[in-house]
Amino acid sequence: MADVRCICAIGLSGQLGLKGQLPWEGDPRPEFRADVERFFDITRGHVLIAGPKTIASVPEFAYAERTIRAIRSHEKPEDVLAEYQDRVVFVGGGPPVWDIYAPLIMHWDITRLPYDGPADRWFDPKWLLTGKGRPL
Ligand SMILES: NC(=O)c1ccc[n+]([C@@H]2O[C@H](COP(=O)([O-])OP(=O)(O)OC[C@H]3O[C@@H](n4cnc5c(N)ncnc54)[C@H](OP(=O)(O)O)[C@@H]3O)[C@@H](O)[C@H]2O)c1
């Protein structure tokens with residue numbers, strides 16, 4: 001079974017995306033640059049699966065050192081993950097992907113960045129709490 005993880009960065013209010021990019025895209029401040037570098041360090045040698053828009057934003061150089069695959073809504077998560085037995089698989093979003101894959105993710109690596117501007121994609125904390133054991 002694959003070791004299924006998530007790595008993502010969010011703004012102070014849970015901002016994830018804006019117009020197909022990171023909301024803070026191009027921000028030159030060190031913490032933003034360090035986050036991008038960290039993403040490539042941590043995913044090196046592993047598998048990154050994500051929806052087609054997120055994959056479209058992955059730069060060409062990233063393909064050299066990791067397995068990168070666009071996933072589609074007609075594919076069953078268990079079939080996708082079965083392709084990567086014994087690998088570390090990072091589920092890279094966006095939100096509709098995490099809605100479905102969250103119950104399978106046992107390690108969340110979330111960086112909060114000092115951004116609090118607009119977004120059209122948001123982190124949903126319910127992704128961390130997919131068990132049924134909590135009393136209503
Ligand atoms: N801050 C971060 O760390 C971070 C991480 C990821 C993304 N983002 C941002 O989020 C935005 C992109 O996300 P997005 O949601 O708009 O587009 P996306 O990355 O294409 O992901 C959503 C799409 O994934 C596909 N998909 C694959 N498997 C699925 C499944 N089992 N269930 C449902 N859908 C599935 C669906 O497309 P089909 O129906 O066409 O297959 C769905 O519309 C960008 O702004 C990006 O920068 C930010």
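**Briefing: buried cysteines, cores and charge pairs**

Cys 6 has a relative accessibility of 0% and therefore counts as buried (under 20% relative accessible area; exposed is over 50% and partly exposed in between, with a 1.4 Å probe and protein chains only). The model is predicted, so local features need pLDDT of at least 70 and side-chain atom pairs count only at pLDDT 80 or more, whereas totals for chains, interfaces and linings use all residues. Residues are numbered from 1 along each chain as its sequence is written, and side-chain values use heavy atoms, with hydrogens and water left out.

**Cysteines**

- A search of the whole structure finds 0 disulfides (a disulfide is a pair of cysteine sulfur atoms within 2.5 Å).
- Cys 6 takes part in no disulfide, and the nearest cysteine sulfur, that of Cys 8, is 4.1 Å away.
- For Cys 8, the closest cysteine sulfur is in Cys 6 at 4.1 Å, which is too far for a bond.
- Cys 8 is also buried, because its relative accessible area is 8%.

**Nonpolar cores**

- The largest nonpolar core has 22 residues (such a core is a set of buried Ala, Val, Leu, Ile, Met, Phe, Trp, Tyr and Cys residues joined through side-chain atoms within 4.5 Å).
- Within this core, the residues with the most contacts are Ile 49, Val 91, Trp 98, Tyr 101, Ile 105 and Trp 108.
- At least two core residues come from each of strand E1 (3-10), strand E3 (47-50), helix H3 (77-82), strand E5 (88-91) and helix H4 (95-101) (helices, H or I of at least four residues, and strands, E of at least two, are DSSP runs numbered from the N terminus).
- E1 supplies the largest share of this core, 4 residues.
- A second, separate core of 10 residues includes Ala 50, Val 58, Ala 62 and Phe 90.
- Tyr 101 is in contact with Ile 49, Ile 71, Pro 77, Val 80, Leu 81 and Val 91, leaving aside residues up to four places away in sequence (contact means heavy atoms within 4.5 Å).

**Arg 69 and its partners**

- Arg 69 is placed in strand E4 (residues 67-70), and its 15% relative accessibility means that Arg 69 counts as buried.
- Arg 69 forms a salt bridge with Glu 83, with the closest N and O atoms 3.0 Å apart (a salt bridge is a side-chain nitrogen of Lys or Arg within 4 Å of a carboxyl oxygen of Asp or Glu).
- Because Arg 69 lies in strand E4 and Glu 83 in the loop between H3 and E5, this pair ties together parts that are 14 residues apart in sequence.
- Glu 83, at 46% relative accessibility, counts as partly exposed.
- The side chains of Arg 69 and Glu 75 are joined by a polar contact of 2.7 Å (a pair of N or O atoms within 3.5 Å; within protein, one must be able to donate a hydrogen and the other to accept it, and residues adjacent in sequence count only if both atoms are side-chain atoms).
- Not counting residues up to four places away in sequence, Arg 69 touches Leu 48, Ile 49, Ala 50, Ile 55, Glu 75, Val 80, Glu 83 and Tyr 84.

**Other salt bridges**

- The structure holds 10 salt bridges.
- One of them joins Glu 65 and Arg 44, whose closest N and O atoms are 3.1 Å apart.
- Glu 65 lies in the loop between helix H2 (52-56) and E4, and Arg 44 in the loop between H1 and E3, so the pair ties together parts that are 21 residues apart in sequence.
- Glu 65 is partly exposed at 41% relative accessibility, and Arg 44 is partly exposed at 38%.
- Asp 41, Arg 44 and Glu 65 are linked in a network of salt bridges.
- Arg 121 forms a salt bridge with Asp 120, the closest N and O atoms being 3.8 Å apart.
- Arg 121 counts as partly exposed at 37% relative accessibility, and Asp 120 is partly exposed with a relative accessible area of 34%.

- Asp 35 is found in helix H1 (residues 30-43).
- Asp 35 is buried yet has no salt bridge, and the nearest side chain of opposite charge, Arg 38, is 5.0 Å away (Lys and Arg count as positive and Asp and Glu as negative; His and the chain ends are not counted).
- Beyond residues up to four places away in sequence, Asp 35 touches Ala 9, Thr 111 and Leu 113.

**Ala 119**

- Ala 119 is found in the loop between strand E6 (107-112) and strand E7 (121-122), and counts as buried at 17% relative accessibility.
- Neighbours within four places in sequence aside, Ala 119 is in contact with Gln 15, Leu 16, Gly 17, Leu 18 and Pro 23.
- The C-alpha atoms of Ala 119 and Ala 9 are separated by 13 Å, the two residues being 110 residues apart along the chain.
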